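Colleague: I'm new to reading protein models. Could you walk me through this one?

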Amino acid sequence: MDSQDVIILQSGSSRDSHDADNVPNKSPTGDYGELREQVLANLQKPNVPNVNVPEKIIICLDACYDNPNSLYRLGDGSSFTPINMLKRVLDFFLYSKHAINKKTEFALLILKNNDPCWLHNFTNNVRDIINTIDFVTGEECTAETFEFSRIFDMLEDEIVMPEYNKLQCTLPPPYVVRMVVLYGRSNCIPLIPQQDAYFNFLKKHLYFYIDILLAHEEDCALYKCEEIYDALQDLDDGYSYVFEVSRNATKIHDYIAKLLAHPLQRPLQKNTDYTFGTRY
């Protein structure tokens, strides 16, 4: 990986097989069977150059909440509402990505109850994006479902995908496009448009990625956390990074840090290893 890449924090595991803590079990005798399988799996990824080209990142921020009394609490005693915690981790993410590659551009898309809203076009001015995010206010979720087809209608109007030439696949593209979905609802089921032509075009495009961070309420028995998590999996084309977290301030910072990895340079999520050194 490029010298610009960031060492990402270690964290606990998520429930899904996407999570990154399946570390190869290397014994002193040198049993590398599982490691070999992981290497082979990564070789099966699409033939794209492993280069830190600029990214165009669409921040898809959910402004809705289910419980007005739900809070994230830090070790120093301070507390944050869900929308303010998402703003906090986005602040870290945006500045960190800009430090890695100053050509990275960001756009902002906000999810209100039934309507997405494109708030800011692509820019590499981090301060502008953060100022726009700061003005986003949370609102109570009143919808039972959210149609993601409206998001893809917007993307079709707002983004231009770089062309993939199979005969020149070893040449780096001018940029890649990534949408980072921060979904904060626990009772509103996302409806993914499996038959949508543009959505299917993006899922097959080798320079487009969707990553997901689901930040849900703690008591999943009272909410639809599992159904929402399962529904969001339909956004994954096999190369997404998907995380879910309840009201755990440490884990949500950990997971946003893991999303710093460049999509052309990172391994499959199930094969990631955030440990230092070797385990014996």
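Modeller: A crossing is left-handed if the near helix is turned anticlockwise from the far one by less than a right angle, and right-handed if clockwise. Helices (H or I, at least four residues) and strands (E, at least two) are DSSP runs, numbered from the N terminus. Here, helix 4 passes helix 5 in a left-handed crossing.

Colleague: What kind of model is this?

Modeller: The model is predicted, so local features need pLDDT of at least 70 and side-chain atom pairs count only at pLDDT 80 or more, while totals for chains, interfaces and linings use all residues. Residues are numbered from 1 along each chain as its sequence is written, and side-chain values use heavy atoms, with hydrogens and water left out.

Colleague: How do I describe two packed helices?

Modeller: Two packed helices are described by the angle between their axes and the distance between the axes. Axes are lines fitted to C-alpha atoms, for helices over the stretch in contact, and angles run from 0 to 180 degrees between N-to-C directions. The axes of helix 4 and helix 5 come within 9 Å and cross at roughly 70°. That makes helix 4 roughly perpendicular to helix 5 (the term covers 65 to 115 degrees).

Colleague: Which residues make the contact of helix 4 and helix 5?

Modeller: Contact means heavy atoms within 4.5 Å. Helix 4 brings Phe152, Leu155 and Glu156, and helix 5 brings Tyr198, Phe199 and Leu202.

Colleague: What is a nonpolar core?

Modeller: In soluble globular proteins, nonpolar side chains tend to be buried together. A nonpolar core is a set of buried Ala, Val, Leu, Ile, Met, Phe, Trp, Tyr and Cys residues joined through side-chain atoms within 4.5 Å. Buried means under 20% relative accessible area, exposed over 50%, partly exposed in between (1.4 Å probe, protein chains only). The largest core here has 43 residues, and Phe148, Leu155, Met179 and Tyr183 have the most contacts inside it. Helix 4 and helix 5 are among the elements that each supply at least two residues of this core. A second, separate core of 35 residues includes Ile59 and Val245.

Colleague: How much of the protein is buried?

Modeller: Of its 280 residues, 51% count as buried.

Notes
Parallel < 35°, antiparallel > 145°, perpendicular 65-115°, else oblique.
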